[in-house]
Amino acid sequence: AGAGAGAGATADLFDSVWAVLYDLDEKLLLDEDRKTGHLAEVKLTRKSSRRDAKALGAHTAVPDSYDGARIAFPPTVADVTAVMDAASKGKTLHVSYFVQLVLGMRELLAKRKSLVQDVPLDAAAGTSVFVVGDTHGQIFDLLTIFAHHGLPQPGKRVYVINGDYVDRGADQVGVLSLVYTMKLAFPDAVFLNRGNHEVSRINARYGFEAAVREAYSAAVFDAVIDTFELLPLWTVIGGKVLVVHGGLSQFDDATLDELRALPVAAADALNKRRCKTRADLLVEQALWSDPHDEPGYAPSPRGAGVLWGPDVTEAFCARNGLAMVVRSHEKEAAGYRFMHDGRVCTVFSASYYTGKSDNKGAVLEFTDASRAPTPHAFYAEVPPALAGTVERDPARLRAAMRTQS
């Protein structure tokens, strides 16, 4: 028992040190961008390199030798399951299909006039709304969630996926392919929020840009970023639960009405070297803030966002008629963590995160927006051919996935 306790303490210490280094790395990236102006340079280059559907490869013929998923548009349930199967084997979608997904998402998202979206929840109808946290390119976590809880079904099973689909994991393109296929197939049962990793400068550092360039092209990456910049930042479930990737802002008088009034273009703040206006800070802090146990506010060690306390949560919920705030953005050993007298819950869905942690993943299930959610924790279920230690190493996992029959 003593040896087991010692091993557990060592693992906890390793997780704590790794979390500090993770935050420090992000802070250094933000500081570098603010000093060099790299953000503006990347933004200008990307904006000038957009291409049309044909140039992106949407009309490229799919060869008979292609053994990945074949998709109709708009996608069907059969297409969703085909993408799931292909992703589980490390098979990247043909460029024609991937580009059509991206352009379909851009068209769908361009219709939005607000950065806030609403998800109805009818407790009497037996509807469940599942909130999924960070997945970071870990395809087997996402597949495990749908295996346990079922595919989206309007009025029955609704999913809110709270950002950070990409960067770091073994199959970032596969995760985004599946998420976008599901959104187009089930537009009323899948709702996507933007995370702090749906930003071009972050993708340049943590792997997603390189993954898309390797699989497709730089122009296709630019098109994906176009969709990221149109994603909602806030989702309200049943009028009572606010879902946001990072958390609350530094403004004591912030309201949902104010957030609803922000134009979609306000999200351009995420491309600025330094956010100064109230609107810019509302946007930035939505994706970067974290809760803490002390009252009031404190500077964030991440270099963006703030730390906010239980008194801030209580006042924000009272002011806006909310029962609680659900957020992601931080790895939790159990996959989830309630704070602030149950008014805040962090949910993180990438188990064994990047192969450097023993954490579980989790999803939250709401059947009544006025009541606390039910957490469902899990470890990703990996096919027998990939069992063992391979799932702990993203690079090795990716290589092994591609060798499956």
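Reader: How many helices and strands are there in the chain?

Author: This is a predicted model, and its chain has 405 residues, of which 56% count as buried. Counted along that chain, the elements come to 14 helices and 14 strands.

Reader: How many residues apart in sequence are the parts that the pair of Y66 and Y97 ties together?

Author: Y66 lies in the loop between α3 and α4, whereas Y97 belongs to helix α5, residues 95-109. Both of these tyrosines, Y66 and Y97, are buried.

Reader: Which residues do ring pairs link into a cluster with F146?

Author: F146 and Y159 form an edge-to-face pair, with 4.9 Å between the centres and 70 degrees between the planes. F146 lies in helix α6 and Y159 in strand β3, so the pair ties together parts 13 residues apart in sequence. Both F146 and Y159 are buried, and the residues that ring pairs link with F146 into a cluster are F130 and Y159.

Reader: Over the ring of which residue does the charged end of K183 sit?

Author: Charged side chains are placed over rings at R168, which lies over the face of Y206 at 4.3 Å from the ring centre, and at K183. For K183, the charged end is 4.8 Å from the centre of the ring, and that ring belongs to F191.

Reader: Is the crossing of α5 and α7 left-handed or right-handed?

Author: Helix α5 packs against helix α7, residues 172-185, with the axes 10 Å apart and an angle of about 50 degrees. That angle makes α5 oblique to α7. Residues including F98, L101 and M105 in α5 meet residues including L176, Y180 and K183 in α7, and the crossing of the two helices is left-handed.

Reader: Which residues of α9 make the contact with α10?

Author: The axes of helix α9, residues 208-215, and helix α10, residues 218-228, come within 7 Å and cross at roughly 130 degrees. The two helices are therefore oblique to each other, and their crossing is right-handed. On the α10 side the contact is made by A218, V220, F221, V224 and F228, and on the α9 side by F208, E209, V212 and R213.

Reader: Is A372 buried or exposed?

Author: A372 lies in the loop between β13 and β14. A372 and F338 are 34 residues apart in sequence and 10.0 Å apart in space, C-alpha to C-alpha. The relative accessible area of A372 is 61%, and because residues over 50% count as exposed, A372 is exposed.

Key. Residues numbered from 1 in each chain as written. Predicted model: local features only at pLDDT ≥ 70, side-chain atom pairs only at ≥ 80, totals over all residues. Heavy atoms only, no water. Helix = DSSP H or I, 4+ residues; strand = E, 2+ residues; numbered from the N terminus. Buried < 20%, exposed > 50% of the residue type's maximum accessible area, 1.4 Å probe, protein only. Phe/Tyr/Trp six-rings, centres within 6.5 Å; stacked < 30°, edge-to-face > 60°. Lys NZ or Arg CZ within 6 Å of the ring centre and 35° of its normal. Axes fitted to C-alpha atoms, helices over the stretch in contact; angles between N-to-C directions. Parallel < 35°, antiparallel > 145°, perpendicular 65-115°, else oblique. Left-handed = near helix turned anticlockwise from the far one by under 90°. Contact = heavy atoms within 4.5 Å.
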